[in-house]
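Work through the exercises below with the coordinates open. Each task is followed by a solution in steps.

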Amino acid sequence: MITVICPNCKKTHNVDEKLIPAGENVNARCRSCKHRFPVNLKSVKANTTVKKSRKKKYPTRTIGVSLSKGGVGKTTTAVNLSAGLALAGHKVLLVDTDTQGQDSYMLGLKPKAGLTEFLTGELAPDEAIVEARENLWLLAGGKSLAGVRRMIDRKSFGGELTMAEALTPLEERFDYIIVDTSPGWDPLTVNVLFYVNEVLVPVALEIMALQGLVEFQKSLASIQKYRKEVNLKYILPTFMDKRVKYPETIFSKLKQLYGNSICSPIRYNVNLVEAPAYGQTIFEYSPGCNATADYRELVKMVSSDNNKNNK
Ligand SMILES: Nc1ncnc2c1ncn2[C@@H]1O[C@H](COP(=O)(O)OP(=O)(O)OP(=O)(O)O)[C@@H](O)[C@H]1O
Ligand SMILES: [Mg+2]
């Protein structure tokens, strides 16, 4: 028996290997939602073996870190949340979907390949994924993702599921798949939102914060029409500076509007700016600083939802 997961409805199907036609790539049709999708038997078999040897206590969580506005702390959060979860013993895959490729830089890595080669099928998953730390793996972003955007655009149908089809078979290996997105709104961001079940939105506590969040919610709603599983789960205030008044005011306003989705804020801290220059996470660069305490708090909040229905 091998295990195949539908990238559309995420249902798990156990299939008798003998009934599958010969070949490495076959076409499958989900018994539940009728979605048709390609299956790479090599990676499915590898995942099935891992699954047998690993008992998972909760289903894999897929979290997109996203907001169209630039410079709000998406990459800083994706990297440090992933590193914090890995330190807590969870197996984490961090996926960078940005052409800036900053997740690698922040982790002090220069991978030769990454998400592009993985999505185009040029490399097998194990060749495209790099081990970044204990329990933490990276599918690196970078300039070559511009070509992937064009590849998605050229598909006459199903382009928005490109990432879901590629990443879903890997889920059994990880407890978390955290996906960092680029600023703006492009085919890769749409792909991320057609893949993840949970969205974490970092909101910089500044004058335009609420407007950016409202705009993003509208875009997300247009995806939710087709995919109700994707849920704005966490709103993370960033750049909190208690010395000045307006971040406090905006934070109270956010709490009023979004209640339970609001995480405790990440304070403004210069160590977060310096750590990437040393290729270190905040936990490595400055274990005792207040930003580390804030990211530890975020890790606690996110992981406390492991056994809840994360829809
Ligand atoms: N809490 C913070 N305190 C101080 N500086 C921060 C904080 N969070 C992030 N930064 C810094 O702000 C800058 C932008 O952060 P980051 O790259 O994480 O944002 P982003 O949303 O990923 O940007 P982009 O939209 O360009 O991808 C970086 O220099 C980062 O070091
Ligand atoms: Mg970024």
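A residue is buried if 20 or more other C-beta atoms lie within 10 Å of its own, exposed if 12 or fewer, and partly exposed in between, with C-beta atoms placed from the backbone. The model is predicted: local features need pLDDT of at least 70, side-chain atom pairs count only at pLDDT 80 or more, and totals for chains, interfaces and linings use all residues. Residues are numbered from 1 along each chain as its sequence is written.

**Exercise 1. Overall dimensions**

Compare the radius of gyration of the protein chain with that of a compact globule.

Step 1. The radius is taken over C-alpha atoms, and the globule rule is 2.2 Å times the number of residues to the power 0.38.
Step 2. For 311 residues the rule gives a value near 19 Å, and the protein chain has 19 Å, so the two agree.
Step 3. Along the principal axes, the C-alpha atoms fill a box of roughly 65 × 40 × 35 Å.
Step 4. Of the 311 residues, 43% count as buried.

**Exercise 2. Strand β8**

Which strands pair with β8, and in what sense?

Step 1. Pairing requires at least two DSSP bridges between two strands.
Step 2. Strand β6 (residues 92-96) runs parallel to β8, joined by 4 bridges, and Leu93 stands opposite Trp137.
Step 3. Strand β7 (residues 130-133) is antiparallel to β8 over 3 bridges, with Arg133 opposite Leu136.
Step 4. The hairpin of β7 and β8 has 2 residues between the strands, and Asn135 there takes a positive phi near 70 degrees.

Are the faces of β8 (residues 136-139) covered or open?

Step 1. In a regular strand, side chains alternate between the two faces of the sheet.
Step 2. Leu136 and Leu138 lie on one side, Trp137 and Leu139 on the other.
Step 3. These four residues are all buried, so both faces are covered.

How values were computed: Chains lettered and ligands numbered in written order.
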